[in-house]
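Let's walk through this structure together, one element at a time.

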Amino acid sequence: MTKLTHLDVSGEANMVDVSEKDMTSRTAIAEGCVVMQPETLALIRQGDAKKGDVLGTARLAGIMASKRTHELIPLCHPLLISKVKVDCTLDDTLPGVRVTAEVKVSGQTGVEMEALTAVSVACLTIYDMVKAADKGMRIESVRLRMKSGGRSGIYEAP
């Protein structure tokens with residue numbers, strides 16, 4: 001079993017020392033979705049949500065959140081992120097919105113948490129902006145899809 005890196009020898013939580021790690025290019029891609037009623041999806045598609053541009057606001061919220069991950073998740077390192085891209089795609093088969101985030105950095109630790117935070121906050125923003133029309137929406141399937149860089153190399157979700 002893999003040792004948990006955020007626990008010290010006595011089992012106490014601690015911030016991982018990354019000072020001896022090599023600086024490498026690191027990327028993470030996360031995804032998630034907001035499932036809603038078809039009528040709610042139509043509101044977003046038509047631009048008729050009372051709070052404004054749902055997808056544009058969600059993209060911006062996700063980008064902003066990724067840059068503040070270290071303030072939200074205990075023991076995360078503050079990172080000089082070099083790229084954040086958040087995409088929100090309408091999907092009639094859900095029905096709802098699929099959200100993906102890609103985060104890049106050149107550093108000593110990965111950006112998985114930043115990508116997951118971007119997706120989570122973008123999904124929460126979509127929920128907030130149209131909750132008056134559909135209180136039964138569900139945020140689902142938030143997960144890491146891919147990560148590269150660092151000692152553990154490449155991970156791709158099945």
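Predicted model: local features only at pLDDT ≥ 70, side-chain atom pairs only at ≥ 80, totals over all residues.

**A guided walk through the chain**

L75 sits in the loop between helix 3 and strand 2. Its backbone deserves a look: phi of L75 is near 75°, a positive value in a residue other than glycine. Most residues other than glycine have a negative phi. A second case is S141, which is not a glycine either, yet has a positive phi of about 55°. S141 belongs to strand 4.

The backbone has another feature to visit. Most peptide bonds are trans. The bond that joins L94 and P95, however, is cis, with omega of about -15°. You will find P95 in the loop between strand 2 and strand 3.

Let's move on to the helices. Helix 2 covers residues 54-66, which makes 13 residues, and reaches 18 Å from its first C-alpha to its last, close to the 18 Å expected at 1.5 Å a residue. Its buried residues are V54, L55, G56, A58, A61, G62, A65 and S66. What covers them? The cover includes helix 1 (38-46), helix 3 (69-72), strand 2 (83-91), strand 3 (96-107) and helix 4.

Buried along helix 4 are E114, A115, T117, A118, V119, A122, C123, T125, I126, M129 and V130. L124 is also in this helix, which runs over residues 112-130. Together with I139 and V142, L124 makes a nonpolar surface patch of about 230 Å².

Which residues does T69 touch, leaving aside those up to four places away in sequence? They are C76, M113, E114 and T117. T69 itself lies in helix 3, and it counts as buried because its relative accessibility is 0%.

K147 is in strand 4, residues 138-148. Is K147 buried or exposed? It counts as buried, because its relative accessibility is 9%, under the 20% cut-off for that class. Not counting residues up to four places away in sequence, K147 touches T27, A28, E112, S152, G153, I154 and Y155. K147 and A115 are 32 residues apart in sequence, with their C-alpha atoms 9.7 Å apart in space.

The cysteines come next. How many disulfides does the structure hold? The count is 0. C88 is in none, and the nearest cysteine sulfur to its own, that of C123, is 7.6 Å away. For C123, the closest cysteine sulfur is in C33, at 6.9 Å, which is too far for a bond, because a disulfide needs the two sulfur atoms within 2.5 Å. Both C88 and C123 are buried, C88 with a relative accessible area of 9% and C123 with 0%.

R145 is partly exposed at 32% relative accessibility, whereas E31 is buried at 19%.

Another salt bridge brings together the side chains of D92 and R45, at 3.1 Å from N to O. Here too distant parts of the chain are linked: D92 is in the loop between strand 2 and strand 3, R45 is in helix 1, and 47 residues separate them. D92 is exposed, with a relative accessible area of 54%, while R45 counts as partly exposed at 44%.

The side chains of R98 and D91 also meet in a salt bridge, at 2.5 Å from N to O. R98 is partly exposed, with a relative accessible area of 40%, and D91 is buried, with 14%. Finally, salt bridges that share partners join E31, R143 and R145 into one network.

Definitions and conventions:
Residues numbered from 1 in each chain as written. Heavy atoms only, no water. Buried < 20%, exposed > 50% of the residue type's maximum accessible area, 1.4 Å probe, protein only. Patch = residues over 30% accessible without salt bridge, like charges linked within 9 Å, V, L, I, M, F, W, Y side chains within 5 Å. Areas by Shrake-Rupley, 256 points an atom, 1.4 Å probe, with all protein chains shown as cover. Salt bridge = Lys/Arg side-chain N within 4 Å of Asp/Glu carboxyl O. Helix = DSSP H or I, 4+ residues; strand = E, 2+ residues; numbered from the N terminus. Expected span 1.5 Å × (residues − 1). Contact = heavy atoms within 4.5 Å.
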